[in-house]
Amino acid sequence: MGLEAQRLPGAEEAPVRVALRVRPLLPKELLHGHQSCLRVEPGHGRVTLGRDRHFGFHIVLDEDAGQEAVYQACVQPLLEAFFEGFNATVFAYGQTGSGKTYTMGEASVASLHEDEQGIIPRAMAEAFKLIDENDLLDCLVHVSYLEVYKEEFRDLLEVGTASRDIQLREDDRGNVERVLKTGSTGERLKESIQINSSLLALGNVISALGDPQRRGSHIPYRDSKITR
């Protein structure tokens, strides 16, 4: 991984790891004379905002880090663990224009150079490669592509139902199944309120998973659809 993606000591033991990727300035930002307000220290897993506001992360990738470096540092170890039977989740978070779509994978993958491909196409390619290389595995691959927007789900692979909502329900064992709604069930709350509610629930789950003192305690997954 080189200097682009250094892990902090003990990062492997954390159930939740946080990586920061710094987006380079856009051409229009350079045209207006904008400058970066961050000082990045990848080797120490730290960024400094302004003069003295320091923030630590498990992984820090500076603006020169390429797509391959991001994948190798943040996702490839999870894929290996997944094939050993562990659940794995990659969550991209950031404000509009911060580079989430580019990092995860552009919608028009065919138009990108190979070195620009994001996490999703890289993970899919390696997953099928691992399946092909292991003759002892009998694999059934199921792919879902869901959108969570304002606490509502849409199945983006089902053309006939993409405009309708998907409701989450649980059986008596707590297992989640998907049931299509056939109509509106009430007024939507304002978008900002719903988004903040979802992010609050996500933050509570991450805090519970990342706190060593709370291991074995209740994890509030069911407080929001985004955390289920």
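Helices (H or I, at least four residues) and strands (E, at least two) are DSSP runs, numbered from the N terminus. This is a predicted model: local features need pLDDT of at least 70, side-chain atom pairs count only at pLDDT 80 or more, while totals for chains, interfaces and linings use all residues. Residues are numbered from 1 along each chain as its sequence is written, and side-chain values use heavy atoms, with hydrogens and water left out.

**Colour by confidence.** pLDDT is the predictor's confidence in each residue, from 0 to 100. The protein averages 75, and 69% of the residues score at least 70.

**Select residues 67-74.** This is helix α2, with the highest mean pLDDT among the elements, 93. Strand β1, residues 6-7, has the lowest, 42.

Over residues 1-11, pLDDT stays under 50. The model has 35 contacts (heavy atoms within 4.5 Å) for them beyond four places in sequence. Residues 178-189 also stay under 50. They have 20 such contacts.

UniProt, in an unreviewed entry, lists Gly94, Gln95, Thr96, Gly97, Ser98, Gly99, Lys100 and Thr101 under "binding site". Such annotations may be inferred rather than shown by experiment.

**Zoom in on Lys100.** Lys100 sits in helix α4, residues 100-104. Thr101 is in helix α4 too.

**Show its surroundings.** Beyond neighbours within four places in sequence, Lys100 contacts Ala92, Tyr93, Gly94 and Gln95. Now find the backbone oxygen of Gly94: it lies 2.9 Å from a polar atom of the Lys100 side chain.

How values were computed:
Polar contact = N/O pair within 3.5 Å; in protein donor to acceptor, adjacent residues only side chain to side chain.
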